[in-house]
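I opened a new page for this chain today.

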Amino acid sequence: MLKIKALLFSLFLSIPIINAVAQGQGDTPFSVYGIGELDEQSSSSQFMMGGTGASFSNAFYVNRINPALLVKNRVASGLKYVSFNVGFRGNSRTITKENQARQEFGFNINHLSLTAPVTANWAMGLVLSPYSTVDYETKYTEPIVGSVDETVTHENLNKGGIARISYANSFRFFKSLYVGVEGNYNFGSIRKDSTNYLFNDVTNQLRVNTRYDAKGFGMKLGLAYQYKINQKWQANIGGAYELGSNLTVNELKTSAAYGDYGQGAFPTEKPDTLSRRTFKSGIAPQYTVGISLESPFHWIFALDYHTTRWKNQPNLDVQSKNIFTNSESIHFGIEYLPNSSSTKYYNQVFYRVGFMAGKTPYMINNTHITDNRVTFGFSIPMGFRNPSYMNFGFGIGRRGTTANNLVQENYLRFSISTSLLSPWFIKPRID
């Protein structure tokens, strides 16, 4: 119990850390719209398998896609485990527009999660993670209209994001039916600042700062069923539905003159408040359904479909409302464990591959931005016959297009996590 209390205490101490580092996945122009680019709600193991996980799970990681499957926290030996996961995710991107290209890199914490069994058919889970990320900077210089050689430099800074804390309960009925419910609280701040330098002089700056502070509650429901085909194989079906919800947003927009003499920018006059208001923004409803064929602790073949219904949802600004649309994607994944009963170390290694293809929530210049990715990775035990694992996942993909004056991203995405398992209330035996 002392271990569980320590883990819970660590999770709550990490709330400001998760909120502070929601950004940091590498500059991307797609994150400037609305509340930012949505985080993929998947563990490293699920990421390797193309983002599948609506219909299957096991004790070696926390299922972040379908809360109904948290109760599947047994390992091959049949023991039920407490699972503590720490995940990191990063991106290396090449961003191309017309004949220009630049490199971007970001790496940061992705989630902290804890799952614990309450009874044989009931488990609870707690997750801290980013929900959305805003991370993009631009800077360009243009001539002042009517002048000969005088210029003005524009700099736009977009940072922040929405963090999420989730609490889930998962139940098993009739040995094969799984039901889950997850409540979440979303909170965070987003800055969208614009600075102009007259005559390219940093000592003479005019800056407009816009800050959005957002918070709100949401809910996610999950359902799964497994059917035993024979002694070795079973078929699984499952799905999760995140209800649409509201964010209460406090907006503060200010304007001030700044100067910079080598020690950082500072206001040279008292900032003026341009506007202050409170309004509602939205978190779109999401649906995920999946099927899988599983030979427990040996093979899994999985297929998922996911959609997010952004169209007509309220957003931070008019531009974002006009750009966001419904997204949909197909996910496929394979998992292979050589021999769960073997005493050889390499027979305890999980190997995974996957593929994802879909349309993102962005409709820009009448073009629906697409995203396609191949994923792969492996999970290795943290010692001989140790149920705890280190997970290493990689994805190679392309998002967007250079047609219609748009932006294309070629990226390498990587996901690293640890899954620390501890037996739950093993009763001592006396010989």
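These are my entries, topic by topic.

**Ground rules.** This is a predicted model, so I noted the limits: local features need pLDDT of at least 70, side-chain atom pairs count only at pLDDT 80 or more, and totals for chains, interfaces and linings use all residues. Residues are numbered from 1 along each chain as its sequence is written, and side-chain values use heavy atoms, with hydrogens and water left out.

**Whole chain.** I looked up the elements and found 4 helices and 18 strands. Both are DSSP runs numbered from the N terminus: helices are H or I with at least four residues, strands are E with at least two. Of the 431 residues, 52% are buried. Buried means under 20% relative accessible area, exposed over 50%, and partly exposed in between, with a 1.4 Å probe and protein chains only. I also checked contacts (heavy atoms within 4.5 Å). Among those with a separation of 6 or more, 67% join residues 24 or more positions apart.

**Cores.** Next I went for the nonpolar cores. A core is a set of buried Ala, Val, Leu, Ile, Met, Phe, Trp, Tyr and Cys residues joined through side-chain atoms within 4.5 Å. The largest has 24 residues, and those touching the most other members include Tyr33, Ile190, Val249 and Tyr362. Strands 4 (122-143), 7 (205-228), 9 (245-259), 11 (272-283) and 15 (350-364) each give at least two residues to this core. Strand 4 supplies the largest share, 3 residues. There is also a second, separate core of 12 residues, with Val82, Phe84, Leu114 and Leu128 in it. I jotted down a general point here: in soluble globular proteins, nonpolar side chains tend to be buried together.

I then followed Val249. Leaving out residues up to four places away in sequence, Val249 touches Tyr212, Asp213, Ala214, Arg277, Thr278, Phe279, Ser281 and Leu316.

**Pocket.** I had to read up on the search first. It uses a 1 Å grid over the protein atoms alone: a cavity is a set of points where a 1.4 Å probe fits but cannot get out, a pocket is an open set with protein on both sides within 12 Å along at least five of seven lines, and lining residues have an atom within 4 Å of a point. The largest pocket has a volume of about 940 Å³. A volume is the space filled by probe spheres set on the points, which are joined across faces, edges and corners. The lining has 32 residues, and Pro29, Lys97, Tyr136, Thr138 and Val407 are the closest to the centre. Strand 4 turns up again with the largest share of this lining, 5 residues.

**Cavities.** I found 4 cavities of 30 Å³ or more in the whole structure.

**Glu409.** Is Glu409 buried or exposed? Glu409 is buried, at a relative accessible area of 0%. I placed Glu409 in strand 18 (residues 408-423). Arg398 is 11 residues from Glu409 in sequence, and their C-alpha atoms are 5.6 Å apart. Beyond four places in sequence, the contacts of Glu409 include Thr28, Pro29, Arg93, Arg398 and Arg399.
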